[in-house]
Amino acid sequence: APEEVGALAARALLATVDAGGAVGPSDQGLAFTLAALADAAASEVRTGPLTPHAAAVLRAVRDLLGVTLALRPDASTRTVLATCVGAGVRNGARKAT
């Protein structure tokens, strides 16, 4: 039932927030990708425990963009702080103003 799916999703999100994470498990890969593509300034992302998909994204980001995210687990909050300096990718199709 839709109510059960909603309740399951809400519990999963609350577990991530309760653990101190700012990014849910299904969005870790996206957050890491956006941080790696960002300007050449430091980015930080705090997540819950890394998912297998997020680990695969970290390898792809390293191989394709040459950006390595430093991972610092925090045992007290059961979170991971990922930091990196972005590749500074720009949208070439966007008109400059």
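Start with Thr51: a polar atom of the T51 side chain sits 3.1 Å from the backbone nitrogen of A54. Keep in mind that this is a predicted model. You'll find T51 in the loop that links β1 and α3. Is T51 buried or exposed? With a relative accessible area of 17%, T51 falls under the 20% cut-off, so T51 counts as buried. Apart from neighbours within four places in sequence, the residues in contact with T51 are P25 and Q28.

Now for the sheet. Three strands make it up, lined up as β1-β3-β2, with antiparallel pairing, and the sheet is open. That leaves β1 and β2 as the edge strands, each of them pairing on one side only. On average, neighbouring strands here are turned by 20 degrees against each other, if you ignore direction. Helix α2 packs on this sheet, where α2 touches β1 and β3. The direction of α2 makes about 170 degrees with that of β1.

Here is where these pieces sit along the chain:

| Element | Residues |
|---|---|
| α2 | residues 28-37 |
| β1 | residues 42-47 |
| α3 | residues 52-65 |
| β2 | residues 70-74 |
| β3 | residues 79-85 |

How many bridges join β2 to β3? There are five, and the two strands run antiparallel. You can follow the pairing residue by residue: R72 has L81 in β3 as its bridge partner, while D74 stands opposite T79, also in β3. β2 and β3 form a hairpin with four residues between the strands. In that hairpin, R78 takes a positive phi, near 60 degrees.

Next, the inside. As a general rule, nonpolar side chains tend to be buried together in soluble globular proteins. In this model, the largest nonpolar core has 14 residues. Which residues have the most contacts inside it? They are F32, V45, V61, V67, L69 and C84. Helices α2 and α3 and strand β3 each supply at least two residues of this core.

Setting aside neighbours within four places in sequence, V67 is in contact with A36, V61, R62, C84, V85, G86 and A87. Two of these partners, V61 and C84, are also listed with V67 among the core residues with the most contacts.

Technical notes
Residues are numbered from 1 along each chain as its sequence is written. This is a predicted model: local features need pLDDT of at least 70, side-chain atom pairs count only at pLDDT 80 or more; totals for chains, interfaces and linings use all residues. Side-chain values use heavy atoms; hydrogens and water are left out. Two strands pair if DSSP finds at least two bridges between them. Axes are lines fitted to C-alpha atoms, for helices over the stretch in contact, and angles run from 0 to 180 degrees between N-to-C directions. Contact means heavy atoms within 4.5 Å. A nonpolar core is a set of buried Ala, Val, Leu, Ile, Met, Phe, Trp, Tyr and Cys residues joined through side-chain atoms within 4.5 Å. Buried means under 20% relative accessible area, exposed over 50%, partly exposed in between (1.4 Å probe, protein chains only). A polar contact is a pair of N or O atoms within 3.5 Å; within protein, one must be able to donate a hydrogen and the other to accept it, and residues adjacent in sequence count only if both atoms are side-chain atoms.
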